[in-house]
Amino acid sequence: AYEKLWLAASVLLILFLLGSVTYGAVGPGVAMVSDSEPAIDAGALDEDDRFSEPRVEQVGENEYAAYVVARQFGFQPDPIVVPANSTVTFYVTSADVIHGFEVAGTNANTMVVPGEVSEITVETDGPAEYGIVCNEYCGAAHHAMEGKLEVV
Ligand code: CUA
């Protein structure tokens, strides 16, 4: 007699599991993918206004935006040229794998993830030259992946 009870309990459990999976997928207020949805299509940077032509653009009286693309194994533009005594926001994305973007000798340092745009704002001072290094292992020539930042 207990077998039927156990059977019924198992069936109920299965129905409950199916129900909660369905609820999780389609229920109200539950977004399955929004957190991981890419901000940008790493495979189609050519079609993106900001990154089809990596560049530095003046966006305010003394403010600049630097659109930078990291790809195996370099950064574009190279060099990145920005004015002294200004505010520069770097927008950095990757065309392929995870890279790093570190302005050597400063605290400007971020991970660069395909599908995302990393943002760092810096205040530049006098004219100077900095190396830019990739500090995330990204393939055979990772150690040679570098760029240049010229503050002029
Ligand atoms: Cu790019 Cu390491």
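The chain has one helix and ten strands. Read from the N terminus, these elements follow the order α-β-β-β-β-β-β-β-β-β-β. The model is predicted.

The predictor's own scores are set out below.

| Score | Value |
|---|---|
| Mean pLDDT of the chain | 90 |
| Residues with pLDDT of 70 or more | 89% |
| ipTM of the complex | 0.99 |
| pTM of the complex | 0.76 |

Some care is needed in reading such a model: where pLDDT is low, the predicted coordinates should not be read in detail.

Of the 152 residues in the chain, 18% are buried. Contacts between residues at least 6 apart in sequence join residues at least 24 apart in 59% of cases.

The largest nonpolar core holds 20 residues. Within this core, the members that touch the most others are Ala66, Val68, Val69, Ala70, Phe90, Val92 and Phe101. Two elements, β2 (63-71) and β5 (87-94), each give two or more residues to the core. The largest contribution comes from β2, with five residues.

Val68 can be followed through its contacts. With neighbours within four places in sequence left aside, Val68 is in contact with Pro54, Phe75, Gln76, Ile80, Phe90, Tyr91, Val92 and Phe101. Among these partners, Phe90, Val92 and Phe101 are also listed with Val68 as core residues that touch the most other members.

Methods
Residues are numbered from 1 along each chain as its sequence is written. This is a predicted model: local features need pLDDT of at least 70, side-chain atom pairs count only at pLDDT 80 or more; totals for chains, interfaces and linings use all residues. A nonpolar core is a set of buried Ala, Val, Leu, Ile, Met, Phe, Trp, Tyr and Cys residues joined through C-beta atoms within 7 Å. A residue is buried if 20 or more other C-beta atoms lie within 10 Å of its own, exposed if 12 or fewer, and partly exposed in between; C-beta atoms are placed from the backbone. Helices (H or I, at least four residues) and strands (E, at least two) are DSSP runs, numbered from the N terminus. Two residues are in contact if their C-beta atoms, placed from the backbone, lie within 7 Å. pLDDT is the predictor's confidence in each residue, from 0 to 100.
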